[in-house]
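Visitor: Before we go into details, could you show me the model and take me through how its features are read?

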Amino acid sequence: MKPLLEHSDFDQKKSLYALLLRELSDELGRLGFPSYRAHQVMEWLYKKRVTSWDQMLTLPLALREKLVEHYSLLLPSVVTVSGSADTTQKFLLRLADGELIETVLIPASKALQGASSNRRTLCISSQVGCAYGCRFCASGLDGFKRHLKVEEIVAQILVVEQFSNQRINNIVFMGMGEPFANFDHLLRALEIINAPWGIHLAARKITVSTSGLVPRIRDFAHRPEQIRLAISLHGASDQVRSQIMPINKRYPLAELMEACAYYVKRKKQLLTFEYILIAGVNDQLEEATRLANYAKPLRAKVNLIPYNRVEGLPWERPAEAAQQAFLHELLRHGVAATIRYQKGHDIDAACGQLRRRELLATPA
Ligand code: SAH
Ligand code: SF4
């Protein structure tokens with residue numbers, strides 16, 4: 001493959017991967033080119049997936065020269081890929097400033113989806129590190145580094161598709177970081193991912209997960225796209241939730257549930273509650289009953305996730321029987337609930353873990 005632009009170009013130039021079609025069209029107009037040229041550029045970028053200017057064969061040389069002058073096509077580089085193509089593959093990516101992020105590719109379980117299923121989910125990061133410090137999570141352990149730029153969010157999809165030579169048809173914002181804390185970049189990236197001129201992934205194939213930033217949940221309820229929303233609950237009483245999620249002190253459950261009810265009513269769209277099961281912390285049956293009481297009126301679906309062990313943290317997943325008992329308590333109350341067995345447990349697939357291992361191995 002042809003080399004991309006030099007790193008030194010990165011700072012002065014805007015990334016083309018952060019631009020909306022209408023903006024490119026305006027900018028090219030100012031430079032004296034007709035607006036259909038912007039369509040052509042986006043087509044080369046997102047449909048034909050070229051990564052260098054001189055591959056954009058339908059563009060006149062004068063336009064290519066202008067583009068080179070103003071825009072960058074730099075993509076993150078792949079540092080390591082762990083796992084195998086038929087299980088979970090975890091990509092460690094290096095950004096232009098040297099920061100590391102993780103992106104995880106999860107193929108459909110044939111057993112669950114049927115042999116013909118070709119569902120490929122990409123779990124993408126929204127920040128380097130995370131400021132919210134949930135006690136069980138590897139991403140928050142070393143604090144917050146920075147927000148991802150729009151192009152760094154979009155590029156995760158492009159780089160993985162290029163590497164695996166396969167299209168991704170499902171995206172979850174469940175990698176490193178809190179997407180709603182990087183709200184403006186998130187919204188713009190979602191527009192590029194969803195747009196017919198962009199990556200063109202249907203809104204219902206995109207899920208954003210939040211630890212519960214109440215004002216942003218309300219803002220998101222006003223967005224027109226039918227993007228799915230998942231709330232990381234992990235506790236159904238303030239006492240349990242505050243113990244493991246500091247954000248619960250800022251936005252306690254009553255406020256969070258009010259925002260969820262507002263979202264469901266306003267969007268006419270159902271929510272998912274994510275609930276990690278941690279032995280002895282949040283896996284009591286009374287907690288399941290309380291969770292059912294929150295989920296039921298909202299018709300929220302509950303995803304139970306047996307905890308993935310994180311190096312250096314004391315938490316463990318409950319025994320299989322305790323997981324089943326928790327599940328059955330939810331089902332008994334008429335809640336749609338499943339246990340999501342994360343694949344890739346063996347390659348540190350929970351968010352933030354691979355980066356942490358790399359950072360621990362190569363201290364600055
Ligand atoms: N910050 C957002 C999105 C990223 S975290 C959020 O918290 O929702 C994505 C999901 O992975 C969250 O539900 C999070 O709680 C979960 N998670 C974090 N660490 C985990 C671990 N060790 N095992 C299992 N799930 C984990
Ligand atoms: Fe941040 Fe989400 Fe991890 Fe909490 S679970 S520390 S919000 S990434």
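**Reading the model, feature by feature**

Guide: Let us begin with a helix: the face of α1 turned away from its buried side carries the exposed residues Arg22 and Arg30, where exposed means over 50% relative accessible area, buried under 20%, and partly exposed in between, computed with a 1.4 Å probe on protein chains only. This is a predicted model, in which local features need pLDDT of at least 70 and side-chain atom pairs count only at pLDDT 80 or more, whereas totals for chains, interfaces and linings use all residues. Residues are numbered from 1 along each chain as its sequence is written, chains are lettered from A and ligands numbered from 1 in the order in which they are written, and side-chain values use heavy atoms, with hydrogens and water left out.

Visitor: Which residues of helix α1 are buried, and what covers them?

Guide: Helices (H or I, at least four residues) and strands (E, at least two) are DSSP runs, numbered from the N terminus. In α1, which spans residues 21-30, the buried residues are Leu21, Leu24, Ser25, Glu27 and Leu28. They lie on the same side of α1 because they cover an arc of only 165° around the axis, the arc being that of the directions from the helix axis to the C-beta atoms. Their cover includes β1 (14-15), α2 (36-47), α3 (61-70) and β2 (71-72), where contact means heavy atoms within 4.5 Å. Just after α1, Gly32 takes a positive phi of about 95°.

Visitor: Which residues come nearest to ligand 1?

Guide: A residue is near a molecule or strand if one of its heavy atoms lies within 4 Å of it. Of the 20 residues around ligand 1, those that come nearest are Gly177, Ser209, Ser232, His234 and Asn308. A polar contact is a pair of N or O atoms within 3.5 Å; within protein, one must be able to donate a hydrogen and the other to accept it, and residues adjacent in sequence count only if both atoms are side-chain atoms. For ligand 1, an oxygen atom is 2.6 Å from an N or O atom in the side chain of His234, while a nitrogen atom lies 2.9 Å from a backbone N or O atom of Gly177, and a nitrogen atom is 2.9 Å from a polar backbone atom of Asn308.

Visitor: Is His234 buried or exposed, and where is it found?

Guide: His234 counts as buried because its relative accessible area is 4%, and it is found in the loop between β11 (228-232) and α8 (238-244). Its phi is positive, at about 60°, although His234 is not a glycine.

Visitor: What does the side chain of Ser209 make a polar contact with?

Guide: The partner is the side chain of Ser232, at 3.5 Å. Ser209 lies in strand β10 (residues 206-210), and it counts as buried because its relative accessibility is 8%. Leaving aside neighbours within four places in sequence, Ser209 is in contact with Phe173, Met174, Glu178, Pro179, Ala230 and Ser232.

Visitor: How many disulfides does the structure hold?

Guide: A disulfide is a covalent bond between the sulfur atoms of two cysteines. With the criterion of a pair of cysteine sulfur atoms within 2.5 Å, the structure holds zero disulfides. Cys130 is buried, with a relative accessible area of 11%, and Cys260 is buried at 0%.
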